[in-house]
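Please keep the sequence and the 3D view open while reading.

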Amino acid sequence: MAEIMIMGELLVEIMRPHEDVPLYESDYFRGPFPSGAPGIFISTAARLGHSTAIISGVGADDFGENIMRRLKKDGVDVSRVLVSDKGNTGVAFVTYFADGERKFLFYMDNSPCVMAKAPESTKGFEDTKYMHIMGCSLMSNVEFAHEIVKTMKMMKAQGTKISFDPNVRLEMMRDPVVLKILQEVFDNSTILMPGVSELKMLAGEEDLEKAIRKVFENESLELLVLKNGSKGSQIYTRKGLEVEMGIYKVEQLDATGAGDSYDAAFICGLAEGKSLKEAAQMGAAAGALNAAAFGPMEGDISPETVRGMIEKNS
C-alpha cells in the first residue's frame, strides 16, 4: 500500500557541468541522471521512509533502466510503470546560467513517459493519504493530462488529499487546453504549492494579497504553500499566514529538483502528523540537501540528514 503516490513523467537529464554554456555550443555534458519532477518528488518521499508509488512510463532502453534502478533502490513501488519498446525514454538537456536562469530542451514526444493510463480502480491505493500532481506532467501531453485527472478524481472520491505544484514550464506549454486542465486540478486540490508567478496566474490576480485571498475561494483548498526561492516559503490557511520559513543555506551545486524535494518532505511531514512549522522545516531541509548535490535526484536526503539540517539551523 502506498501512503503517498504520484502520476507523471519520468525522464533522464543530461546536464552541462558548468554555468553559462548555451545548448547550441559544442561542449561537454554529464549524465544521464534519473529525473522528472514526479520522479524527484516520489524518490524523496521514499527516502524519507514513506511507502510510495508512481504511475508513469519508460522506454525499454538503457535510460529507462537508469531510472528504474534508482527508484527501486530508493524503495518506490514501480509496479505501475509502463516499460515499453514503442518509444524511447524521455530526455531533457539542461544548462544553467550565472544569473540563476536555466534552459531545458525536452525530448518526450511519443515517449512511454506520457503513455501511462489511469488505473481501472483504486485497488492498491485504498490507504493512500496524498496524491501529488505536477503542472509539468499536465503540460507534457494532453492525453496523458486527462489520464492524470481521471486518476485524481478516483483518488479524491475515496478521501485522498490532492496536493498540486503548478510547476509551470513555458518550454512545455503547447496547448491552450492545458490551462483548463491546470484549473481543473486546482479546483480539486487540498494543498496548493506554487511559486509567486504561478499563484498569480492561477488566481488571475497580479496583486499578491488579492491572489492569496482569491485561491481560497476554492472550497477544496486547505493549505497554500507559497514557495519564493531564496526568500523561503509561507504557509497559509483560511485564517491567513500561519508560518514563515526561511531557507537553509548550503553551497549550491544544482538547484534542479530542490522545489520537488521540498514538496515531498512537506507532504511527508503532514503524513507524519507534524505541525505546519515542522513540515515546512522538513521541506526546507530536503530542498537544501537536494541543491547541495549535482544532479536532480542526488541529494543526501534521509530522515537523519533532514533532522540534522533542522537541528543545525535551530
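The buried residues of helix H6 (196-203) pack against strand E9 (161-165), helix H5 (177-187), strand E10 (191-192), helix H7 (208-215) and strand E11 (223-227). Contact here means heavy atoms within 4.5 Å. Helices (H or I, at least four residues) and strands (E, at least two) are DSSP runs, numbered from the N terminus. This is a predicted model, in which local features need pLDDT of at least 70 and side-chain atom pairs count only at pLDDT 80 or more, while totals for chains, interfaces and linings use all residues. Residues are numbered from 1 along each chain as its sequence is written, and side-chain values use heavy atoms, with hydrogens and water left out.

Which residues of H6 are buried? They are Val196, Glu198, Leu199, Leu202 and Ala203, where buried means under 20% relative accessible area, exposed over 50% and partly exposed in between (1.4 Å probe, protein chains only). Viewed down the axis of H6, these residues fall within an arc of 160 degrees, so they line one face of the helix. The arc is that of the directions from the helix axis to the C-beta atoms. An α-helix has 3.6 residues a turn, so residues three or four places apart point the same way. Just after H6, Gly204 takes a positive phi of about 70 degrees.

The largest pocket holds about 1,700 Å³ of space. It has 50 lining residues, and those closest to its centre are Arg102, Gly229, Ala255, Ala258 and Gly259. A pocket is an open set of points on a 1 Å grid over the protein atoms alone, where a 1.4 Å probe fits, with protein on both sides within 12 Å along at least five of seven lines; lining residues have an atom within 4 Å of a point. Grid points are joined across faces, edges and corners, and a volume is the space filled by probe spheres set on the points. Strand E7 (102-107), H6, helix H8 (258-271) and helix H9 (276-291) each supply at least two residues of this lining, and H9 gives the most, five. By class, the lining of the largest pocket has 20 nonpolar, 17 polar and 13 charged residues. Ala, Val, Leu, Ile, Met, Phe, Trp, Tyr, Cys and Pro count as nonpolar, Asp, Glu, Lys and Arg as charged, and the others, Gly among them, as polar.

The second largest pocket holds about 200 Å³. Its lining includes Leu48, Glu278, Met282, Pro303 and Ile310. H9 and helix H10 (303-312) each give two or more residues to this lining, with the largest share, four residues, coming from H10.

In the loop between H9 and H10 sits Gly299, which is buried at 6% relative accessibility. Gly299 touches Arg47, Leu289, Asn290 and Ala293, not counting residues up to four places away in sequence.

The loop between E7 and strand E8 (130-134) holds Ser111 as well as Asn110. Ser111 is buried, with a relative accessible area of 1%, whereas Asn110 is exposed at 64%. The side chain of Ser111 reaches the backbone oxygen of Asn88 at 2.7 Å. Asn110 has a positive phi of about 60 degrees although it is not a glycine.

Pro32 is found in E3 (residues 30-35), and a cis peptide bond with omega of about 5 degrees joins Gly31 and Pro32.

Technical notes. Polar contact = N/O pair within 3.5 Å; in protein donor to acceptor, adjacent residues only side chain to side chain.
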